[in-house]
Amino acid sequence: MIYLVGIGPGSPELLTLKAADLLQRADTVYVPQSRDAGSSVAELIIAPHTNQEKLRFVHTPMKRDRTEVLESYRELAADLAQAPKDSIHVFVTLGDVTCYSTAQHLAEELDALGVAYTYVPGISAFSATASHIRIPLAVGKSSFAVHVMPDSLEKLEELTAHTTTLVLMKVDKKVPLLLELVAKQSFEQAVMVYRLGLPGEKIFNLLDKTELPKNVGYLSTAILKRADNV
């Protein structure tokens, strides 16, 4: 059996019981790893739940050209297609398996080969972030939206106009754009969290001008709640 498993936002304690059980029983655990970075956040998260000997790394370069990345998943899917039917193979992905997940690349290749697999949901980064900083995403008839950090202030303003609470994923190097929006509009709460549940975690209150972030990495999530929709 092949399982595509969400392992949560960062803390090893935020894996589901099913994910932890599969990691313990798996014959092989496949872990995405950036060839450029030479490290894997996923490996840190699953370390308490599985044996190092089971790990196999899927190297994916951090480049805009996705050709080499997709080829890595195509090769992995072909290998899994030949795996014994009674063996257990787990591919792990950060957060939830259906939300901005690298597992989708593998799922597409397995579908093309007609190979069966099972999704195992995980705690998403945005829901864990909201809980950590105690900001309800939606109450009563209010609404919230989740969006990858856009490239323009115009798009940001369009997003905030149609929802009570806006969650921005992968803020990364677009912090200046986020701060420009916060300075221009009125928010009841505006918080960004970097590396939630991992070493180096940082929380920034974007309404506090004394300690604003200058630069963060890929694992960054911001939550903006409009002041006129409490």
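In this predicted model, helix H6 (residues 153-160) passes H7 in a right-handed crossing. A crossing counts as right-handed if the near helix is turned clockwise from the far one by less than a right angle, and as left-handed if anticlockwise. Helices (H or I, at least four residues) and strands (E, at least two) are DSSP runs, numbered from the N terminus. H6 and H7 pack at an angle of about 50 degrees, and their axes are 10 Å apart. Axes are lines fitted to C-alpha atoms, for helices over the stretch in contact, and angles run from 0 to 180 degrees between N-to-C directions. H6 and H7 are therefore oblique to each other. Angles under 35 degrees count as roughly parallel, over 145 as roughly antiparallel, 65 to 115 as roughly perpendicular and the rest as oblique.

From H6, the residues Leu153, Leu156, Glu157 and Thr160 meet Leu177, Glu180, Leu181 and Lys184 of H7. By class, this contact has four nonpolar, one polar and three charged residues. Here contact means heavy atoms within 4.5 Å. Ala, Val, Leu, Ile, Met, Phe, Trp, Tyr, Cys and Pro count as nonpolar, Asp, Glu, Lys and Arg as charged, and the others, Gly among them, as polar.

Leu153, Leu156, Leu159 and Thr160 are the buried residues of H6. Seen down the axis of H6, these residues fall within an arc of 120 degrees, so they line one face of the helix. The arc is that of the directions from the helix axis to the C-beta atoms. Buried means under 20% relative accessible area, exposed over 50%, and partly exposed in between (1.4 Å probe, protein chains only). The cover over the buried residues of H6 includes helix H7 (175-184) and the strands E6 (144-148), E7 (165-169), E8 (187-194) and E10 (220-226).

In H3, the residues Leu70, Tyr73, Arg74, Leu76, Ala77, Ala78, Leu80 and Ala81 take part. They meet His105, Leu106, Glu109, Leu110 and Leu113 of H4. The residues of this contact divide into 10 nonpolar, one polar and two charged.

H4 has the buried residues Ala103, Leu106, Ala107, Glu109 and Leu110. They cover an arc of only 165 degrees around the axis, which puts them on the same side of H4. Glu108 and Ala112 are exposed on the other side. What covers the buried residues of H4 includes H3 and the strands E1 (2-6), E4 and E5 (118-120). Just after H4, glycine 114 takes a positive phi of about 70 degrees.

Most residues other than glycine have a negative phi. Tyrosine 100 is not a glycine, yet has a positive phi of about 50 degrees. Tyrosine 100 sits in the loop between strand E4 (89-93) and H4. This tyrosine is partly exposed, with a relative accessible area of 39%. Arginine 134, also not a glycine, has a positive phi of about 60 degrees. Arginine 134 lies in the loop between helix H5 (125-132) and E6. Arginine 134 is exposed, with a relative accessible area of 73%.

Residues are numbered from 1 along each chain as its sequence is written, and side-chain values use heavy atoms, leaving out hydrogens and water. In this predicted model, local features need pLDDT of at least 70 and side-chain atom pairs count only at pLDDT 80 or more, while totals for chains, interfaces and linings use all residues.
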